Amino acid sequence: MDDVLRTTLYTAVYDRLDYLDTIVNDADTPSRVALADSATPMLTSAWRDLLNEHEPDEHGRCRACSPRWTRRARACSVWQIAHRHLTPDVLEGPAAGDKQIAGRHTLRPASSPAQRAGTSARQ
Ligand SMILES: [Zn+2]
């Protein structure tokens, strides 16, 4: 990707995020409700696509972040950020002080979407 295309892409994404922030912070309630209806499915879909790109392999290594030559699983920053932003209630619970999320941890692949759904249903 050349610099012009990269700059165009980054600008478009940041402009969209700025637009969403503006509506959330400055718009009236009906506009915010409309935004929630339209943007929430878009954002959850985007998160699922991003997390799918960073799904760990059978050794717990992120397919995008861990170099193939290493045997050690590297903590995936995308999953750490997703956990921090999408499950804030987990961090505010009793385990919040153990720094497990901020430190190193190994991702383990779920064997199926149904298993992942079952895991989230228990929380
Ligand atoms: Zn990753």
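Student: Let's pick one residue. Where is Arg-72?
Tutor: Arg-72 sits in the loop between α2 and α3. Keep in mind that this is a predicted model.

Student: Is Arg-72 buried or exposed?
Tutor: Exposed: its relative accessible area is 60%. The cut-off for exposed is over 50%, so Arg-72 counts as exposed.

Student: How far apart are Arg-72 and His-59?
Tutor: They are 13 residues apart in sequence, and their C-alpha atoms are 8.7 Å apart in space.

Student: Now the metal. What are the protein donors of the zinc ion?
Tutor: His-54 through ND1, and Cys-62, Cys-65 and Cys-76 through SG. These atoms lie 2.1 to 2.3 Å from the zinc ion.

Student: Why is the arrangement called tetrahedral?
Tutor: Because the four donor atoms subtend angles of 98 to 120° around the zinc ion. Four donors count as tetrahedral if all angles lie between 85 and 135 degrees.

Student: How are the donor residues spaced in sequence?
Tutor: The pattern is H-x7-C-x2-C-x10-C. Within it, Cys-62 and Cys-76 link distant parts of the chain: they are 14 residues apart, and both belong to the loop between α2 (29–53) and α3 (77–86).

Student: And are Cys-62 and Cys-76 buried or exposed?
Tutor: Both are buried.

Student: On to the helices. What span should α2 have?
Tutor: At 1.5 Å a residue, its 25 residues should span 36 Å. The end C-alpha atoms are 35 Å apart, which agrees.

Student: Where is the kink in α2?
Tutor: At Ala-39, shortly before the proline Pro-41, and the kink is about 35°.

Student: Which residues of α2 are buried, and what covers them?
Tutor: Leu-35, Ala-39 and Leu-51 are the buried ones. So Ala-39 is listed as buried and is also the place of the kink. The cover over the buried residues of α2 includes α1 (3–26) and α3.

Student: Last topic. What is the mean pLDDT of the protein?
Tutor: It is 78, and 71% of the residues reach 70 or more.

Student: Where does pLDDT stay under 50?
Tutor: Over residues 94–123. For that stretch the model has 26 contacts beyond four places in sequence.

Terms used. Residues numbered from 1 in each chain as written. Predicted model: local features only at pLDDT ≥ 70, side-chain atom pairs only at ≥ 80, totals over all residues. Heavy atoms only, no water. Donors = N, O, S within 2.8 Å, 3.2 Å for Na, K, Ca; no water. Tetrahedral: all angles 85-135°; square planar, octahedral: opposite > 155°, others 65-115°. Helix = DSSP H or I, 4+ residues; strand = E, 2+ residues; numbered from the N terminus. Buried < 20%, exposed > 50% of the residue type's maximum accessible area, 1.4 Å probe, protein only. Expected span 1.5 Å × (residues − 1). Bend = angle between axes of the 7 residues up to and from the residue. Contact = heavy atoms within 4.5 Å. pLDDT = per-residue confidence, 0-100.
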